[in-house]
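Visitor: I have a model to look over, and I would like to ask about it piece by piece. Could you take me through it?

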Amino acid sequence: MPACSTVVETALRRGFGLLVLQAGLLAGGAVAAPPAPVADPAWTVEADPVDPRHYAGITVANGALGLVSAPHPLRVDKLVVAGLYDQREADSHSTIVEGLNPANLYLEVEGQPVGDADTRHFRQSLEMKTGTLASAFDVGASLHVTQSLMALRQLPQSVLSTVELTARKDLRVTVTSAIEAPASLGSEQTRYTRMEHAHVLLPMLTASARTRDGGHRLAASNTFLFPDARGAEPAVVHDDTEAGRNRMRFTATLKAGQRYRFSVVSSVVSSREYANPVNEAERLTIYAMLQGEERLVREHRARWAELWRGDVVIAGDPVAQQSMRLALYHLYAFVREGSGFSLSPMGLSGTGYNGHVFWDTEMWMYPPLLVLHPEIARSLLEYRFARLDAARRNAFAHGYRGAMFPWESADDGSEDTPLWALTGPFQHHITGDVGWAFWKYYQVTGDKAWLRERGYPVLKEVADFWSSRVERNGPGRYDIRNVIGANEWQENIDNNAFTNGMAITVLGYATQAARELGLAPDPDWVQVAANIPILKFPDGTTRENASYRGEEIKQADVNLLAFPLEVVTDPAQIRKDLAFYERRMSPQGPAMGNSVLALLYAKLGEAAKAYAWFNQAYRPNRMPPFGVLSETPESANPYFATGAGGLLQTVMFGFGGLRIDDRGIVEGTPLLPAPWTSLRIERPGNERVRGP
């Protein structure tokens with residue numbers, strides 16, 4: 001190897017499933033509060049201090065339940081239930097449900113309620129490696145409090161909150177656990193039971209409520225765990241229930257220097273899964289309680305450790321490392337293998353975009369998961385497959401053949417876009433996006449049984465849709481009129497670049513899939529694909545649509561032809577299109593548009609430009625105190641998981657040089673930005689990976 005200051009090596013260690021991209025030189029009395037451990041910023045995001053005036057909460061989630069932090073000690077802002085929707089506006093659209101919140105605790109010291117004004121040194125941190133929200137604060141000079149909060153990964157309907165109290169003088173503490181109903185739910189029913197099992201007391205607090213439309217019933221159940229009580233558990237008292245709040249409490253007398261530990265385990269379920277959600281919530285809470293805190297935490301951490309076998313490791317750029325881990329953490333937190341749920345742009349961090357499923361899933365969040373954990377990516381595809389009949393009905397209703405997937409999908413797969421938005425009737429590229437994702441899964445896994453049972457049935461319907469959707473106006477003029485493209489600021493346009501490019505691509509994929517299975521593809525698919533136009537300006541720049549004249553755009557559209565579609569492969573054409581459209585990108589556009597530009601510049605070998613656009617895609621969008629991503633620099637709608645997916649694609653497919661094609665995941669030429677000394681993309685190693 002020649003001596004030089006920067007040498008790029010690429011090595012694939014097949015035994016470990018580890019892709020290593022390395023650049024650089026080669027060379028051989030009174031009780032004090034327990035000191036906070038030194039946090040590794042690559043794995044820990046800290047909020048210290050916490051300022052309620054500038055606070056965007058962080059989410060702990062397990063793919064079924066999402067708990068969003070609050071800027072107040074021992075509180076959770078909200079709990080979001082994956083895949084559960086409420087018809088909030090008659091005959092219009094649904095929204096994801098904010099569920100019963102079982103995670104709030106209230107503290108009294110010597111009979112006095114502890115409020116924000118009574119606390120000092122309040123700090124929070126997200127421990128990404130273990131999916132844990134840790135917090136700590138002091139109550140005056142008398143008490144130090146720490147808490148850890150987990151949405152248990154091994155028990156998708158359950159939550160664990162563990163609190164440790166350290167007394168600095170003799171005192172009496174009362175702790176209240178509450179189940180609280182948000183205003184978005186209907187009337188609440190509550191109950192309290194006390195059971196004894198094997199000499200263990202099980203005080204059980206339960207609440208249930210219906211969604212406003214009456215379509216679903218939710219239930220939540222809480223109990224205390226006293227791991228150090230050893231048969232001397234404190235008496236638990238049920239408070240009179242207030243509207244929207246069911247409470248139980250216990251009181252403990254502590255000596256100076258004493259540490260007192262307890263936990264609250266909770267379960268939240270709905271009638272979507274169980275006919276009797278109250279009964280199941282209580283059973284799951286009892287099950288978790290009798291596992292014990294130690295085992296619950298150990299298994300939770302083990303599940304997160306398995307997820308983190310798929311990781312992105314950056315050296316030389318601490319902000320990028322932490323932010324990419326935070327991006328990957330949120331994708332892992334928002335979805336789970338085998339659930340059949342999909343991802344909304346904000347995941348389980350709130351009710352933004354009504355929790356609906358868009359192209360954001362297949363084109364932005366799905367590809368990083370496909371590279372690192374195909375088994376999770378498959379769950380996202382299962383969501384679409386389960387709604388294939390609804391997509392067929394949608395195509396039939398619009399006068400087309402095949403399947404027409406909705407722009408906004410929720411529970412049953414029918415169109416759920418608000419009536420005021422034209423994207424619902426006209427953003428048809430979503431049908432191609434779904435087909436594209438199905439073929440990519442087959443390319444990565446080579447699972448022919450899945451292709452026969454799941455992949456090809458979807459691809460065939462997608463191809464039939466596009467064959468019927470085009471208007472056949474002669475050779476090279478199979479036009480796709482009256483659509484909305486990726487740049488949603490231009491409506492009811494003809495021959496949109498991305499829409500047409502996606503139609504060409506998936507018609508080809510359907511043809512490949514049929515041949516892979518030994519079937520005869522419809523010859524019309526090839527005919528149609530060969531005659532769909534990609535428009536150009538006189539100077540050769542790709543034109544976004546037939547009426548486009550250089551207006552400001554919301555996000556990349558034409559540039560998507562180069563990635564991920566690879567309809568445009570000529571580097572000169574890619575540069576020409578980049579030069580034209582990057583000047584027209586709106587600063588108010590969503591983050592993933594900048595990620596595409598960064599990725600393409602990386603593929604072109606222009607590290608400085610790639611790194612500048614990469615930084616632009618996330619640094620202005622980081623909101624205090626945790627650095628959660630907003631959709632745009634001026635919005636306040638975090639966490640924007642779509643943007644996270646775009647960033648991770650830039651790292652993997654741009655700087656990392658990976659690509660997905662018929663050979664599987666292929667290792668290409670990496671390109672590291674100047675500040676980065678190394679990039680490592682770690683994978684569990686159970687998928688096909690081939691060299692160039």
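This is a predicted model: local features need pLDDT of at least 70, side-chain atom pairs count only at pLDDT 80 or more; totals for chains, interfaces and linings use all residues.

Visitor: Is strand S14 mostly covered or uncovered?

Guide: Strand S14, residues 171-180, is mostly covered, with nine of its ten residues buried. Buried means under 20% relative accessible area, exposed over 50%, and partly exposed in between, with a 1.4 Å probe and protein chains only. Strands (E, at least two residues) and helices (H or I, at least four) are DSSP runs, numbered from the N terminus.

Visitor: Which strands pair with S14?

Guide: Strand S8 (residues 101-109) pairs with S14 in the antiparallel sense over seven bridges, and ten bridges join S14 to strand S19 (residues 245-254), also antiparallel. Two strands pair if DSSP finds at least two bridges between them. Asn104 has Ala178 in S14 as its bridge partner, and Val173 stands opposite Ala252 in S19.

Visitor: Another topic: how do H4 and H15 pack?

Guide: Helix H4 (residues 359-372) and helix H15 (residues 641-655) pack at an angle of about 50°, and their axes are 8 Å apart. Axes are lines fitted to C-alpha atoms, for helices over the stretch in contact, and angles run from 0 to 180 degrees between N-to-C directions. H4 and H15 are therefore oblique to each other; angles under 35 degrees count as roughly parallel, over 145 as roughly antiparallel, 65 to 115 as roughly perpendicular and the rest as oblique.

Visitor: Which residues of H4 meet H15?

Guide: Among them are Met363, Trp364 and Leu372 in H4, while those in H15 include Leu648, Met652 and Phe653.

Visitor: Now the open sheet: what is its strand order?

Guide: The four strands have the order S4-S5-S6-S7, with antiparallel pairing. The edge strands are S4 (59-61) and S7 (95-98), each pairing on one side only. Three bridges join strand S6 (residues 76-86) to S7, and Asp86 stands opposite Thr95 in S7.

Visitor: Finally, where is Thr499, and is Thr499 buried or exposed?

Guide: Thr499 lies in helix H10 (residues 497-516). Thr499 is buried, with a relative accessible area of 0%. Leaving aside neighbours within four places in sequence, Thr499 is in contact (heavy atoms within 4.5 Å) with residues including His429, Trp466 and Ile480.

How values were computed
Residues are numbered from 1 along each chain as its sequence is written. Side-chain values use heavy atoms; hydrogens and water are left out.
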